[in-house]
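Take the fold in stages, from confidence to packing to single residues. Keep the viewer open while you read.

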Amino acid sequence: MAAKEQDAWTDGCIADDAAAAQAAAGPEAGSDRALKAAAGVAAAAALAACGGGSGGGSADETPFVPVVDFSTAGYGSLAPASDAEAARFLQQAQFSSTRAEIAALRGEGYPMWLARQFQQPLRSSGWDWLEARGYGANNSNNYYFNTYPADFMIWAQLLSGPDMMRKRCALALSELFVTSMTSAEFTWRSHAYAAWWDMLVRNAFGNFRQLLEDVTLHPAMGWFLNTKGNQKENPATGRVPDENYAREVMQLFTIGLLELNIDGTPRLSGGRPIETYTQDDVTHLARVFTGWDFDTSDGVRITPPGQSYTVESSAFARKPMSLRENRHSTLEARFLGAVVPAGTPGRAALQTALDTLFNHPNVGPFFARQMIQRLVTSDPSPGYVERVARKFNDNGKGVRGDLKAVWLAILLDDEARGAASLASPTHGRLREPMLRFIQWARTFSVTSAAGSWKIFELSNAGTQLGQSPLRAPSVFNFFRPGYVPPGTAMANANATAPEFQLVNETSVGGYLNFMQGVIERGINCPNPTVPEASWTNYVYDVKANYATELALALDATALVNHLDLVLTAGQLSSATRSVIVNALQATPLTASSSADARNRRVWAAILLVMGCPEYLVQK
């Protein structure tokens with residue numbers, strides 16, 4: 001989508017939202033404004049509170065009997081004792097905790113539920129979705145030059161369909177192994193990012209070593225960090241191998257900047273941290289990542305309608321990059337204590353490099369800490385990191401890098417399941433804006449007409465979420481894992497809180513305004529009944545089903561209790577609960593109240609809960 005078209009779409013959504021709000025103003029408009037103001041106060045309170053404190057399956061699943069083939073020894077909680085405990089687990093392990101999902105989890109316990117997620121057949125493909133919707137067609141829409149179909153694809157994947165835990169883990173992986181559509185400028189870029197997503201989903205329950213190789217050779221990463229077309233040195237011209245990927249694969253994807261103990265704390269020498277690598281390591285490792293390029297060996301060229309130029313077929317976008325051996329450096333490479341002898345073929349050199357990185361002692365604690373941050377808590381204790389890192393190092397069967405063992409260790413640890421962490425002011429994480437939106441959609445059974453899911457990038461902090469999947473602003477993700485909010489109690493305790501890097505006055509207001517419109521009307525989409533691109537006939541699509549909530553609308557307390565469970569896992573304080581109930585009751589409802597009045601109460605209740613401190617901070 002051209003920038004002009006994107007701006008027009010955004011402006012149209014804002015204008016439509018404003019017009020709809022004005023048209024809806026009536027006898028209850030004053031109370032609506034009061035509710036919105038209360039939500040703003042709640043959000044502000046959330047910021048103050050945080051600054052002051054240091055899947056269920058879907059109905060279409062094919063029944064099968066999972067087998068618990070992993071050890072649960074040493075874990076204190078293997079089944080939820082209450083609906084709230086079940087909801088808490090589900091909100092960490094996937095995107096939602098509906099009443100049905102809670103009941104299913106309580107019926108089988110954590111080990112069987114996890115085994116079901118690990119073993120059920122993978123039935124989700126972003127690539128196939130693009131093809132089924134017609135985005136692989138050669139026509140005047142020029143899909144090979146656009147990224148908006150990939151936005152539609154990733155929202156469709158996250159807001160609907162099965163494999164919720166697998167997708168939740170894949171989304172967490174996408175924030176470590178970052179490549180962003182925002183800077184993609186090659187043909188079939190939407191297909192490449194669909195293939196990238198599929199690769200993360202496929203590897204989410206696999207092994208870190210295979211994941212690392214698939215990341216390294218993926219065309220989306222090849223473009224993003226310059227391994228595509230990277231060539232060996234040429235003394236005659238002064239050309240040297242590009243060092244971008246060599247540096248980032250160490251710094252951001254595997255070992256980090258400092259040598260670590262098994263618990264994630266820095267190793268010291270003479271009282272000072274030890275750096276993991278030097279510039280020489282980067283220079284030598286860069287030689288390994290030369291000679292790789294898009295695999296266009298099928299030789300197919302496509303001529304766009306009415307054009308004289310041609311583009312490749314989309315086939316390369318989901319194939320690993322191929323090696324041009326004559327462009328690969330034959331110099332000796334020494335890095336991290338490993339040696340690739342001079343003249344080593346490119347594929348063998350790559351295997352040595354990836355094996356060296358994978359087996360580095362830093363990888364377990366480095367990876368463990370960041371995945372704990374994404375799923376459970378922003379500032380995990382060294383003990384928590386160590387317990388997960390040890391499972392990375394050995395899953396109990398002598399296997400290193402088993403990601404299933406990592407997720408299990410993160411989710412069943414006492415710091416994730418125990419009651420003590422609920423009472424701790426230092427435990428928990430600020431929910432990322434895109435996760436709040438996804439949770440809303442999953443919780444309230446959002447659907448899209450004809451399955452089109454025409455949701456564009458939502459990165460505008462002033463009018464949208466300030467975050468959009470697969471669109472991180474840089475290789476450093478949306479936020480740094482070591483970010484500490486300045487001028488807060490967290491800063492005094494040196495407690496990391498990465499998601500707070502997204503928080504400011506603009507983003508707080510933008511989130512509330514965006515969610516108010518979405519909760520009430522859905523997303524304003526271009527002709528959602530048409531499978532492919534269309535910039536006309538905008539209507540509200542991606543709409544929720546509030547049947548359960550509307551049945552509770554006359555009883556404000558029952559409605560808030562229900563939302564407390566499915567949205568916050570029962571974490572609303574009595575004070576917050578009273579504020580919300582009282583705000584709802586400011587506009588009395590009776591059995592004869594109109595459907596519009598009941599809808600307004602439900603909408604207001606959801607907005608108030610999704611703007612309160614106990615929701616924004618997930619524990």
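A residue is called buried when its relative accessible area is under 20%. Helix α7, residues 164-174, passes that test along its length: 11 of its 11 residues are buried, so the helix is largely enclosed by the rest of the structure. The list takes in Met164, Met165, Cys169, Ala170, Leu171, Ala172 and Leu173, among them. It also includes Arg166, Lys167, Arg168 and Ser174.

Before going further, note what kind of model this is. It is predicted. The mean pLDDT of the protein is 91, and 90% of the residues reach 70 or more. One stretch needs care. Over residues 1-59, pLDDT stays under 50. The model still has 87 contacts beyond four places in sequence for that stretch. Where pLDDT is low, predicted coordinates should not be read in detail.

Now the overall inventory. The protein has 26 helices and 12 strands. Of its 619 residues, 55% are buried. The protein exposes about 23,300 Å². Carbon and sulfur atoms supply 53% of that area.

Return to α7 and look at a partner. Two packed helices are described by the angle between their axes and the distance between the axes. The axes of α7 and α8, the latter spanning residues 189-203, come within 8 Å. They cross at roughly 115°. The crossing is right-handed. Which residues of α7 meet α8? They are Arg166, Lys167, Ala170, Leu171, Leu173 and Ser174. On the α8 side, the contact is made by Trp197, Leu200, Val201 and Arg202. By class, the residues of this contact are six nonpolar, one polar and three charged. Arg166 and Lys167 of α7 are buried, and both take part in the contact with α8.

Helix α8 has another contact to inspect, with α5, residues 126-133. Here the axes come within 7 Å and cross at roughly 145°. From α5 come Gly126, Trp127, Leu130 and Glu131. They meet Ser190, His191, Ala194, Ala195 and Asp198 of α8. This contact has four nonpolar, three polar and two charged residues. So much for the helix pairs.

Next, two backbone details. Trp453 sits in the loop between α19 (433-443) and α20 (489-492). With a relative accessibility of 6%, Trp453 counts as buried. Asn527 also carries a positive phi, about 35°, although it is not a glycine. Its loop runs between strands β10 (523-526) and β11 (538-541). Asn527 has a relative accessible area of 13%, and therefore is buried.

Finish at Ile580. This residue belongs to helix α24, residues 574-585. Is Ile580 buried or exposed? Its relative accessibility is 3%, so Ile580 counts as buried. What does Ile580 contact, leaving aside neighbours within four places in sequence? The partners are Val560, Leu608 and Val609. Ala604 gives a distance to check in the viewer: Ile580 and Ala604 are 24 residues apart in sequence. In space, their C-alpha atoms are 9.1 Å apart.

Methods:
Residues are numbered from 1 along each chain as its sequence is written. This is a predicted model: local features need pLDDT of at least 70, side-chain atom pairs count only at pLDDT 80 or more; totals for chains, interfaces and linings use all residues. Side-chain values use heavy atoms; hydrogens and water are left out. pLDDT is the predictor's confidence in each residue, from 0 to 100. Contact means heavy atoms within 4.5 Å. Helices (H or I, at least four residues) and strands (E, at least two) are DSSP runs, numbered from the N terminus. Buried means under 20% relative accessible area, exposed over 50%, partly exposed in between (1.4 Å probe, protein chains only). Axes are lines fitted to C-alpha atoms, for helices over the stretch in contact, and angles run from 0 to 180 degrees between N-to-C directions. A crossing is left-handed if the near helix is turned anticlockwise from the far one by less than a right angle, and right-handed if clockwise. Ala, Val, Leu, Ile, Met, Phe, Trp, Tyr, Cys and Pro count as nonpolar, Asp, Glu, Lys and Arg as charged, and the others, Gly among them, as polar. Accessible areas come from the Shrake-Rupley method with a 1.4 Å probe; for residues, only the protein chains shown count as cover.
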